[in-house]
Amino acid sequence: MATCKYDWPEAAERHLIGKPISRIDGPAKSSGRAKYTYDINRPGMLFGKVLRCPHAHAKVTSIDISEAKNLPGVKAVRVIQGEGKEILWGGDEIACVAAVSEEVAEDAIRRIKVQYEELPFLVNEEDLERAQSQGHTRAPSVQTKGDPDKAFADPDVVISEGYYGAPVITHCCLETHGQVTEYDGSDHLRVWISTQGVSTIPQQFAEVLGLPATHVEAICDYIGGGFGSKFQIDRWGVECARLSKDAGGKAVKLMLERDAELKVAGTRPSAFAKVKVAAKKDGTLVAWQSEAWGTGGVAGAGVPPLPYVLEGIPNQSKKYTAVSTNTGGARAWRAPNHPQAAVLTLCALDDLAAKLEMDPIEFLTKNTGLAPEHLGETYNDELAKVAELSEWKKYWHPRGRGGSGRIRRGLGVSIHTWGGRGHNSNCDVLIQPDGSVEVRLGSQDLGTGTRTVIAIVAAETLGLPVEAIKVTLGDSRYPYSGASGGSTTVGGVSASTRRGSVDARDQLFAAVAPALGVPPDQLEAAAGHIRVKGNPAKSLSWKQACARLGTKTIQATGKNPGPCELGSSGVGGAQVADVSVDTETGRIKVNRMIAAQDCGLIIDMKTAESQVYGAMIMGISYALFEERVMDDQTGIMLNPNMEFYKLATIGDIPEFIVHMMTGPQYDRRGVIGLGEPPVISPGAAISNAVANAIGVRVPTLPLTPDKVLAALEKA
Amino acid sequence: MRGKKPKDAAQKGGNGAVTRRDFLRGASLAVSTGLLAADGAAVASPPESSAAAVVGPGKVPVTLRVNGQVHRLELEPRVTLLDALRNDLDTTGSKRVCDRGTCGACTMIVDGKAVYSCSLLAIEAEGRNITTIEGLMKDGRLSPVMQAFIDNDAQQCGFCTPGFVMAATALLAERRHLTPEEVNRGLGGNICRCGTYHGLRLAALEAAKRMKA
């Protein structure tokens with residue numbers, strides 16, 4: 001029995017929570033009826049386009065917009081960065097227009113005349129010495145713990161040294177960034193915007209436009225991908241609103257073109273490192289040394305947390321140098337800094353295990369005590385689970401002993417961690433006298449299943465089927481709910497919905513208790529009825545019960561955080577990759593991926609598993625294909641499109657086994673976020689599998705055929 | 001070869017610039033080559049007559065038959081079928097993602113073939129039977145392919161989903177016996193970013209099974 005009013009029901013009492021339930025917005029999405037920002041068409045709507053700088057680094061010496069302004073059909077032209085402005089990366093915004101059609105807007109953009117003074121630039125960072133010599137590096141941060149020099153000098157330790165890295169990649173959201181802005185009168189702004197934080201949007205516009213936040217409404221019913229890149233209104237959002245204003249308040253739709261999306265709307269920073277790591281002959285890790293660097297554009301990069309997961313290695317020496325490049329800026333990319341840290345750490349540890357001639361799963365298991373607090377045991381369970389499910393003992397072989405044929409097969413493993421505590425969330429739960437139920441909140445569903453988990457929690461609490469719950473989100477007029485980042489949404493909205501639903505249910509109990517002749521605390525909501533505990537025959541149907549409300553609608557507000565802990569943070573996760581490598585072509589085929597993942601109490605098993613499948617697929621994509629290619633000569637991006645910025649397609653996808661860790665020890669932790677953790681390990685796991693197959697490390701992602709062949713040649 | 005050489009290059013533009021229409025014709029050539037491997041998918045070629053006629057550059061009348069309904073529009077000749085439907089007919093189920101025949105989010109079925117509607121001009125689609133995702137529902141009921149997508153969670157953010165539903169529908173119209181390899185080929189011209197391929201594969205196979213029954 002629950003000990004606190006809002007606790008989650010015990011396993012035996014759950015009818016919906018933890019079961020595989022289809023997403024409630026599935027019909028709208030699969031039938032094409034779901035309206036995304038890109039799909040919004042308003043009466044008399046204008047189309048916005050942006051002129052972008054073609055140089056990596058330049059100064060605007062002159063700009064002439066007169067010809068664009070005079071083009072018939074053009075309603076507004078704005079200079080964003082005019083004469084004298086220094087432009088620091090290719091694709092940055094120079095000017096924008098609003099016109100009656102997309103075609104006229106494009107014509108107008110071509111009629112804007114800009115002259116630039118080109119300036120020196122750096123767009124590639126893997127060569128750290130060159131970046132340093134050109135003054136593109138910041139002062140390195142240096143950290144030391146224990147006595148690494150002494151630990152490495154111990155004659156009884158085995159040392160492995162290597163070079164590892166992951167390049168800059170992009171978010172490449174299928175729905176590009178953008179918005180439709182429309183004024184209602186001179187001082188009310190309505191914005192349809194592709195965003196991960198609908199409740200945060202009014203304040204962002206208000207600040208820049210000088211409007212009260214109460215006069216801005218943001219709407220985002222559906223979003224076509226964000227992955228961490230869609231939190232800000234961005235300069236193009238502000239300029240879109242200004243174009244609307246200049247055009248007499250008319251609606252303006254300004255969605256980024258595909259090339260702009262890849263150049264300026266978000267990247268994952270690169271990370272490269274020379275790593276030295278030491279263990280005793282029995283595999284106990286004793287020392288870590290890393291010299292790492294990376295770029296996230298002009299502003300440098302996020303620092304990968306090294307050594308990853310096994311942070312308790314007693315002796316450490318770490319140096320990190322941020323490189324400033326003339327490229328579009330980094331944004332949070334699904335599990336910021338963690339996938340890179342996993343590559344730098346877990347690949348280095350795998351090389352050390354190979355040198356020790358140890359099975360890497362045994363090696364990691366021996367060292368899980370170096371992981372934070374409670375995670376050690378979780379990792380042991382998860383490593384044992386992926387070993388079992390992958391038939392590791394049957395398929396794994398010591399490094400390079402995968403036969404002498406053209407095709408070599410290998411297995412690799414990695415582990416990861418993430419926080420995922422529920423964010424601040426408020427919701428209104430409404431029960432109408434006709435029995436209909438609605439949960440309203442200013443949240444958003446990124447495709448993770450947010451709508452569905454809200455419906456499941458409310459339905460479970462009220463004893464109703466999932467279909468009986470209407471979930472209304474995606475509008476800033478509803479109660480504030482946090483932005484969807486850091487895997488914080490499921491914990492936040494499930495907790496606020498649970499608390500709001502419990503309170504709404506208790507109000508209904510109070511209203512119907514006299515009719516059932518018992519005190520309210522003797523009632524329960526189950527199977528579509530309000531009934532007396534222990535005497536289910538004495539009951540009212542849900543509809544009959546609600547009819548007792550007369551004309552009064554029940555409205556209860558649920559909050560997170562709030563009384564009774566309904567979530568926590570800190571998950572583990574282990575993955576195994578099984579690959580085949582063609583040693584003549586260098587092509588890698590992923591045969592299987594196996595995951596064991598914990599995330600506390602699971603609300604919807606179906607969408608939870610989908611997060612893990614999807615994350616591993618995204619992981620295969622960045623492990624094998626994705627890389628932003630910048631041209632050293634011209635400073636421009638060479639693959640700002642979807643034919644050369646390669647994403648995995650269905651034929652690249654292997655068989656999967658996904659095992660969600662469940663049971664009392666996980667349920668007890670409450671709800672924890674899941675969107676990010678499973679995307680962290682695939683790069684390291686696949687790289688380790690390739691090393692296991694061919695006997696040599698391919699140092700950096702993506703593991704393209706040319707790099708595989710180069711590594712084989714060097715061996 | 002499905003594409004055609006522009007016969008009238010000398011008559012175009014006057015300033016010698018490559019028009020969007022020329023470009024698209026070339027692009028559809030390249031795309032159709034790429035798609036020959038994908039069963040059931042092809043880029044429709046312009047009909048014989050429209051290649052010789054010079055239209056534009058201003059708006060011209062265009063008649064489109066979309067989901068059985070006839071629409072008369074005034075469009076610049078450079079407008080793609082995708083943009084005409086999205087911007088002029090508010091038919092937005094088909095998505096604009098790559099806008100150059102790579103990702104399949106704009107897939108429509110034109111005269112029975114799956115095509116990238118971003119790579120076909122609206123004027124080239126005159127006189128053809130155009131089916132969009134909106135046309136697959138019968139009496140408000142989800143198609144078997146749509147239902148299989150829901151049951152197998154073959155969607156996350158959902159932006160690629162209509163394109164995949166159209167590609168799977170065209171594939172299943174050609175054949176009902178599908179192997180996983182045929183699904184890979186048939187849906188290989190579409191891209192998903194959230195990583196729903198696992199569910200997509202199961203959905204296509206299940207839809208095939210249900211439609212056979």
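In strand 5 of chain B, Asn129(B) is the bridge partner of Arg65(B), and strand 1 (residues 60-66) and strand 5 (residues 129-131) of chain B pair in the parallel sense over two bridges, where pairing requires that DSSP find at least two bridges between two strands and where helices (H or I, at least four residues) and strands (E, at least two) are DSSP runs numbered from the N terminus. The model is a predicted one, in which local features need pLDDT of at least 70 and side-chain atom pairs count only at pLDDT 80 or more, while totals for chains, interfaces and linings use all residues. Residues are numbered from 1 along each chain as its sequence is written, chains are lettered from A and ligands numbered from 1 in the order in which they are written, and side-chain values use heavy atoms, with hydrogens and water left out.

The two strands belong to an open sheet of five strands in chain B, ordered 2-1-5-3-4, with mixed pairing. Strand 2 (69-75) and strand 4 (113-116) of chain B stand at the edges with a single partner strand each, so one side of each has no neighbour in the sheet. From one strand to the next the twist averages 40°, angles being taken from 0 to 180 degrees between the N-to-C directions of axes, which are lines fitted to C-alpha atoms and, for helices, fitted over the stretch in contact. Helix 5 (residues 161-174) of chain B lies across strand 3 (107-110), strand 4 and strand 5 of chain B, running at about 35° to strand 3, with contact defined as heavy atoms within 4.5 Å.

In chain A, three strands form an open, antiparallel sheet in the order 22-23-24. The edge positions are taken by strand 22 (523-526) and strand 24 (535-541) of chain A, each of which has a single partner strand, so one side of each is left without a neighbour in the sheet. Neighbouring strands of this sheet are turned by 35° against each other on average, direction ignored. Strand 23 (residues 529-532) of chain A is joined to strand 24 by four bridges, and Ile530(A) stands opposite Leu540(A) in strand 24. Helix 14 (residues 489-516) of chain A lies across strand 22, strand 23 and strand 24, at about 115° to strand 22.

Between the chains, 60 residues of chain A are in contact with 48 residues of chain B. The two chains bury about 4,400 Å² between them, 52% of it on carbon and sulfur atoms, buried area being the accessible area (1.4 Å probe) that two parts lose on being put together, summed over both. Ser30(A), Leu174(A) and Ile650(A) supply 18% of the area that chain A buries against chain B, more than any other three residues.

Backbone geometry was also examined in loops. A cis peptide bond with omega of about -15° joins Leu306(A) and Pro307(A), and Pro307(A) is placed in the loop between strand 16 (285-295) and strand 17 (315-323) of chain A. In chain B, a cis peptide bond joins Gly56(B) and Pro57(B), with omega of about 10°, and Pro57(B) lies in the loop between helix 2 (48-52) and strand 1. Glu357(A), although not a glycine, has a positive phi of about 55° and lies in the loop between helix 9 (338-355) and helix 10 (360-367) of chain A.
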